[in-house]
Amino acid sequence: MIPKNLDEAVQSLIDMDLKESHPAGFALRNSWGLWSGSILAQWFYTKQIYHADDMSAIIFDSYKRSLIGEDRDLDGQIKKYHNHWRKSMGKDHLSKMRKDVIEYITLMRREKIKRIFDL
């Protein structure tokens, strides 16, 4: 089951007693649909987090902070990624990233429809 928000994602990791590792992050990005616009990805989109790597990093960081009783500081984590992408892509990084997500999800849906109808 795909979590609907960060709280559910963190609780899922706690329930799994999952340890952070690159393969685990990769598996979560795929199984939780962070690349494909799942309900969890959409929750992150509302926070203007558009890259699946950023989503999984925030999930794991929040998980680690929860385990040791620290505040998740979601706003601070979001700001960190916004600053990174602003430096990398410029001031309009959010609109560029939003456009990339829309194009990618649209392409994936077209491919899925083609497979379903064998076009």
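This is a predicted model: local features need pLDDT of at least 70, side-chain atom pairs count only at pLDDT 80 or more; totals for chains, interfaces and linings use all residues.

**Stop 1: the whole chain.** Start with a cartoon view. The chain has 6 helices and 0 strands, and along the sequence the pattern reads α-α-α-α-α-α. Along its principal axes, the C-alpha trace spans about 50 × 35 × 20 Å. If you colour by burial, buried residues account for 35% of the 119 residues.

**Stop 2: I68.** Now select I68, in the loop that runs between α4 (52-67) and α5 (74-89). Is I68 buried or exposed? Its relative accessible area is 61%, so I68 is exposed, being over the 50% mark.

**Stop 3: D73.** Stay in the loop between α4 and α5 and pick D73. Most residues other than glycine have a negative phi. D73 has a positive one, near 50°, and is not a glycine. With 35% relative accessibility, D73 counts as partly exposed.

**Stop 4: the helices on either side.** Show α4 and α5 by themselves. Two packed helices are described by the angle and the distance between their axes. How do the axes of α4 and α5 cross, and within what distance do they come? They come within 11 Å and cross at roughly 150°. That angle makes α4 roughly antiparallel to α5, and the crossing is right-handed.

**Stop 5: Q48 and A52.** Step back to the loop between α3 (39-45) and α4, where you'll find Q48. Here is another positive phi in a residue that is not a glycine: about 60° for Q48. Q48 is partly exposed, at 32% relative accessible area. Move on into helix α4 and select A52. With a relative accessible area of 0%, A52 is buried. For a sense of scale, draw a distance from A52 to I116: the two are 64 residues apart in sequence and 26 Å apart in space, C-alpha to C-alpha.

Stop 6: Side chains of opposite charge can pair when their charged atoms come close.

- Select R29 and D53, a salt bridge whose closest N and O atoms are 3.2 Å apart. This pair links distant parts of the chain, with R29 in helix α2 (residues 22-31) and D53 in helix α4, 24 residues apart. R29 is buried, at 10% relative accessibility, while D53 is partly exposed at 34%.
- Select K96 and D92, whose side chains meet in a salt bridge at 3.4 Å, N to O. K96 is partly exposed, at 34% relative accessible area, and D92 is partly exposed at 40%.
- Select E111 and K114, which meet in a salt bridge at 3.8 Å, N to O. Both lie in helix α6 (residues 93-117), 3 residues apart, or about one turn of the helix. E111 is partly exposed at 35%, and K114 is partly exposed at 41%.

Key:
Residues are numbered from 1 along each chain as its sequence is written. Side-chain values use heavy atoms; hydrogens and water are left out. Helices (H or I, at least four residues) and strands (E, at least two) are DSSP runs, numbered from the N terminus. Buried means under 20% relative accessible area, exposed over 50%, partly exposed in between (1.4 Å probe, protein chains only). Axes are lines fitted to C-alpha atoms, for helices over the stretch in contact, and angles run from 0 to 180 degrees between N-to-C directions. Angles under 35 degrees count as roughly parallel, over 145 as roughly antiparallel, 65 to 115 as roughly perpendicular and the rest as oblique. A crossing is left-handed if the near helix is turned anticlockwise from the far one by less than a right angle, and right-handed if clockwise. A salt bridge is a side-chain nitrogen of Lys or Arg within 4 Å of a carboxyl oxygen of Asp or Glu.
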